[in-house]
Amino acid sequence: MIVNATAPAALPARPVWRSLVWIIPIALLLIAAPLVIDPFQTLTLTYGLIAAIGALGFNLLLGYTGLLSFGHSAFFGGGAYAVAFMVKYLKIASMELFLAGSLLASAILSVLFGFVCVRYTRIFFGILTLALSQVLWSLAFKFFWVTGGTDGLRVPTPTLLGMSPRDDKMAFLAHEYYYYVLAVFAVCVFIMWLIVHSPFGKALQAIRDNETRAEFIGIRIRRYRLVAFVISGLFTGVAGALWAPLNGLASPDVLVWTFSGEIVFMTVLGGFRTFVGPIVGAIAFTYLKTYAVGFTVYWQLLLGTVLVVLVLALPTGIMGAVERLTSKMKKLR
Amino acid sequence: MDLLTTKTLAISFGDNRAVNGVDFRVNSGEVLALIGSNGAGKTTLVNLISGLLKPDSGQIIFGTQDVTPQSSYQRIKSGIARSFQLVNLFDHLSCADNVALPIFSREGKSPKLATLASRDSAVWDETHEVLRRFGLDHNATLLAGTISHGERKLLDVAIAYALRPKLLFLDEPTSGVSTREKAPIMDIVSSIVRSGGITVVIIEHDMDIVFRYSERIVVMHQGSILADGTPEEIRANDAVTTTLIGTHPTGEPAFGDGSNAKH
Amino acid sequence: MEVVAIHALNALLYSSVLFLIAGGLSLIYGVMRILNLAHGNLYALGAFVSAWTIGLAVNANAPAAVLFLLLPTGAIAAAAAGAVIERTLMRPLYKRPEEYQLLMTFGLLMILEDLIRFIWGPSPLTATAVYAGVGSIPIGDGRYPGYNIVIIAVGIVAAIFLWLFIYRTRFGVLLRATSQDKRMASALGVNVNRVYIQAFTLGCFMAGLGGAIVVPSQSAVLGMGVDALVLAFIVIVVGGLGSLEGALAGALIVGVVREAFITFFPEVELAVLYLIAALVLLVRPAGLFGRV
């Protein structure tokens with residue numbers, strides 16, 4: 001299994017309050033961001049936080065349950081299109097309703113897909129998730145009179161907590177919307193942290209490490225995997241819903257399988273063996289891609305090379321490297 | 001009193017009759033050794049009873065229940081647990097987590113996803129108690145993948161023990177362990193088991209251990225039960241000594257006349 | 001009647017190209033247990049290289065025969081790329097879990113996509129001279145492009161050659177042995193590393209050949225690799241991962257289904273193919289001929 005690649009050194013359990021040492025400054029930085037950096041940067045950060053929510057959900061399956069999904073674009077895109085449909089067909093403009101709608105859409109999709117996919121593992125699981133997400137993509141593509149086809153569907157700025165957005169769209173996105181996303185991000189991080197540290201989270205890790213033994217201590221593998229799959233889909237769906245108004249458009253680009261590959265990429269970049277790895281990786285990847293796209297038309301070459309180097313030289317990602325460094329520093333003291 | 005019986009239990013892999021219509025019986029409260037040469041069908045029998053394999057025919061009765069149609073998960077709930085010959089641990093979790101998991105599962109707490117696992121002091125107290133009894137509490141925070149082989153074997157048994165089963169199958173609990181470490185492992189295992197009132201079936205190849213720790217021995221050969229009796233009866237059984245234990249070039253039983261065994 | 005014949009030929013045509021791509025993908029998976037996500041872009045590489053060399057020859061006013069001879073250049077280029085990739089990027093990962101190899105091929109997909117754009121630019125390349133050079137054949141009252149028959153012929157020849165190669169040659173025996181049990185093969189003296197690079201190269205050659213023979217009728221365009229990959233994917237899911245017969249059967253099924261739906265329900269053609277793949281995965285995950 002992918003998680004057996006490099007066993008980390010024994011880590012003693014760290015008390016929670018020790019983590020606050022770096023959580024608080026980061027939280028302060030995130031809160032202060034729109035006041036100190038320019039709107040474009042803030043928007044990039046917003047995209048990064050949204051990607052982080054998606055990656056956090058994705059990693060529940062990969063890092064904690066040991067299942068590599070190549071079809072998570074289905075949930076991201078599902079959430080985005082749910083918002084777009086609510087705008088177009090139900091004339092809704094409330095962000096809260098958008099979130100509710102995307103949760104419903106993701107729940108339905110993930111239960112359906114998950115029911116089918118969790119009967120398999122490893123390559124077949126990956127192939128099945130890819131195939132199913134491509135079904136969705138091709139439907140969005142072909143039923144263009146419903147979905148807007150390649151042109152996509154417009155998503156205007158929504159009301160946040162009942163308050164209408166101000167006229168200056170850029171300023172709205174870089175301030176009010178940013179804080180909204182930040183708040184949802186914080187809630188998602190908290191919920192996911194609770195889940196992975198719960199008895200359920202431990203059971204998932206047991207399934208990841210040793211499926212047979214997990215069964216022989218009384219854990220019903222398929223059921224737990226399905227629940228993990230659904231939770232994962234819900235988180236990624238929320239990310240898609242937050243993304244749609246920011247992007248202004250829901251298009252098939254976020255349903256195609258290569259987008260699923262990007263979700264995998266950012267998670268591996270940050271390090272899928274830690275809790276914060278996907279968050280770090282998602283934000284790093286967002287910045288990387290934004291600057292790559294702005295820097296050269298051959299940004300895929302750049303990102304592809306990063307991935308190749310990552311796989312060859314740094315399989316545990318950024319957080320893996322950080323952990324190795326800090327443990328080396330601790331030994332030196 | 002019979003805790004477990006199998007009735008004409010059989011399974012074949014292609015042409016190979018791995019378990020050939022076996023009537024196997026385990027009495028409540030005993031320590032039973034299941035021995036036989038490689039390929040005799042011992043592990044397959046345990047796999048059938050624990051639910052890893054489905055039999056081609058036959059029945060498994062546990063207590064008064066026919067557990068044959070039950071899945072492995074249900075059999076655990078019924079009270080059958082097992083350890084594994086090739087160590088089967090949760091390598092990336094700490095030793096404490098490895099033991100806590102079966103306890104959470106047994107208590108029905110595994111599905112809880114809105115509470116912190118670390119907050120459940122009842123589970124952790126019991127976890128540390130189990131670790132202490134198995135001599136593993138100094139490893140509590142270490143990852144299971146990083147401890148020594150002997151300790152991994154102990155942990156493997158500890159995980160099964162933590163389920164508080166009525167019937168515990170130990171598949172070669174001392175294999176791959178140096179001779180020096182074997183006796184301490186078995187001492188821990190037998191003391192824990194006796195004080196817990198658990199019935200134990202041990203698959204073993206090491207005859208010293210078999211004769212020292214078991215009250216009853218069942219010998220398997222080519223998928224069937226060859227002999228069933230106390231250690232003295234088995235030692236005196238010529239069919240067993242020739243097929244299983246082998247003979248010296250001089251024609252004497254390789255194991256000797258029993259004077260080496262300690263009780 | 002001739003309508004049926006034309007549809008049948010179209011389906012066979014599509015199946016031929018699909019078989020080449022999917023056969024290569026399946027071969028690589030069967031021997032090395034690697035799902036090569038970059039495989040479609042090796043098909044694209046084959047198309048671009050062939051179109052490019054033929055284009056150069058056309059500018060040099062070369063005769064038609066030369067143009068034809070230049071078609072395989074794409075396949076050779078793809079094979080060479082495959083050999084380099086296997087040796088430098090895939091080999092270090094064999095001791096690691098297979099998911100890392102999957103990620104590596106995804107990175108290669110991105111690199112190749114842009115490498116092709118970098119070398120040949122964003123505009124499509126064509127080799128219509130070859131297409132026109134073959135003329136057309138009469139079918140019933142109408143005419144059918146002769147080159148399409150060439151494609152079908154190449155597909156059939158490739159299938160036969162491959163079958164002979166794998167089941168009638170010593171290399172084929174080594175290939176099959178290694179794919180069944182790499183440790184055992186190695187213990188028996190098979191140079192597994194060499195078998196791997198040969199299998200990977202052969203697989204890439206097939207993909208490149210697919211691109212090479214399709215380019216006169218279709219033009220080499222950016223993004224063709226990614227599109228081809230998902231179709232090849234469907235083929236091997238239906239036919240079975242790691243099986244040559246499966247790639248053939250899958251290619252035929254997909255070719256026929258696609259032709260049928262394109263004629264009658266073009267909107268859902270793609271979705272139907274994906275659904276078939278999903279259904280097969282549900283009911284019989286090993287595919288028609290697959291060994292898991």
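Ala232(C), with its neighbours within four places in sequence left aside, is in contact with Leu18(C), Ile21(C), Ala22(C), Leu25(C), His39(C) and Gly40(C). The model is a predicted one. Ala232(C) is also one of the residues that touch the most other members of the largest nonpolar core, a set of 286 residues.

Two packed helices are described by the angle between their axes and the distance between the axes.

| Helix pair | Axes come within | Crossing angle |
|---|---|---|
| H1(C) and H7(C) | 8 Å | roughly 40 degrees |
| H1(C) and H11(C) | 9 Å | roughly 70 degrees |

In the pair with H11(C), the angle of roughly 70 degrees makes H1(C) roughly perpendicular to H11(C). On the H1(C) side, the residues that meet H11(C) are Leu18(C), Ile21(C), Ala22(C), Leu25(C) and Ser26(C). Their counterparts in H11(C) are Ala228(C), Leu231(C), Ala232(C), Val235(C) and Ile236(C). By class, nine residues of this contact are nonpolar, one is polar and none is charged.

The other pair joins H1(C), residues 2-32, to H7(C), residues 146-168. With axes crossing at roughly 40 degrees, H1(C) and H7(C) are therefore oblique to each other. The crossing of H1(C) past H7(C) is left-handed. H1(C) brings Leu9(C), Leu12(C), Leu13(C), Ser15(C), Ser16(C), Val17(C), Phe19(C), Leu20(C) and Gly23(C) to the contact. H7(C) brings Asn148(C), Ile151(C), Ile152(C), Val154(C), Gly155(C), Ala158(C), Ala159(C) and Leu162(C). This contact of H1(C) with H7(C) comprises twelve nonpolar and five polar residues, and no charged ones.

**Leu45 of chain C**

Helix H2 of chain C, residues 39-59, holds Leu45(C). Is Leu45(C) buried or exposed? Leu45(C) counts as buried because 30 C-beta neighbours lie inside 10 Å. Beyond the residues up to four places away in sequence, Leu45(C) touches Ala77(C), Ala78(C), Ala81(C), Leu112(C), Ile116(C), Gly208(C) and Gly211(C). For Ile116(C), which is 71 residues from Leu45(C) along the chain, the separation of the C-alpha atoms is 6.9 Å.

**Contacts between chains**

Chain C and chain A meet through 34 residues of chain C and 35 residues of chain A. On the side of chain C that touches chain A, the elements giving two or more residues are helix H5 (98-120), helix H11 (224-239) and helix H13 (269-283). H5(C) gives the most to this side, with 15 residues. The residues of this side of chain C divide into 26 nonpolar, one polar and seven charged.

Lys142(A) is found in helix H5 of chain A, residues 122-142. Residues up to four places away in sequence aside, Lys142(A) touches Glu267(C), Val268(C), Leu270(C) and Ala271(C). Lys142(A) counts as partly exposed because it has 19 C-beta neighbours inside 10 Å. Leu43(A), 99 residues from Lys142(A) in sequence, is 31 Å from Lys142(A) in space, C-alpha to C-alpha.

The contact of chain A with chain B takes 26 residues from chain A and 34 residues from chain B. Which helices of chain A each supply at least two residues of the side that touches chain B? They are helix H7 (169-196), helix H8 (199-209) and helix H9 (211-215). H8(A) gives the most to this side of chain A, with eight residues. By class, the side of chain A that touches chain B has 14 nonpolar, seven polar and five charged residues.

**Positive phi values in chain B**

Most residues other than glycine have a negative phi. Thr8(B) is not a glycine, yet has a positive phi of about 40 degrees. Thr8(B) lies in strand S1 of chain B, residues 2-13. With 13 other C-beta atoms within 10 Å, Thr8(B) is partly exposed.

Glu172(B), also a residue other than glycine, has a positive phi near 50 degrees. Glu172(B) sits in the loop between strand S8 (167-171) and helix H6 (179-196) of chain B. Glu172(B) is partly exposed, with 19 other C-beta atoms within 10 Å.

Definitions and conventions
Residues are numbered from 1 along each chain as its sequence is written. Chains are lettered from A and ligands numbered from 1 in the order in which they are written. This is a predicted model: local features need pLDDT of at least 70, side-chain atom pairs count only at pLDDT 80 or more; totals for chains, interfaces and linings use all residues. Axes are lines fitted to C-alpha atoms, for helices over the stretch in contact, and angles run from 0 to 180 degrees between N-to-C directions. Helices (H or I, at least four residues) and strands (E, at least two) are DSSP runs, numbered from the N terminus. Angles under 35 degrees count as roughly parallel, over 145 as roughly antiparallel, 65 to 115 as roughly perpendicular and the rest as oblique. A crossing is left-handed if the near helix is turned anticlockwise from the far one by less than a right angle, and right-handed if clockwise. Two residues are in contact if their C-beta atoms, placed from the backbone, lie within 7 Å. Ala, Val, Leu, Ile, Met, Phe, Trp, Tyr, Cys and Pro count as nonpolar, Asp, Glu, Lys and Arg as charged, and the others, Gly among them, as polar. A nonpolar core is a set of buried Ala, Val, Leu, Ile, Met, Phe, Trp, Tyr and Cys residues joined through C-beta atoms within 7 Å. A residue is buried if 20 or more other C-beta atoms lie within 10 Å of its own, exposed if 12 or fewer, and partly exposed in between; C-beta atoms are placed from the backbone.
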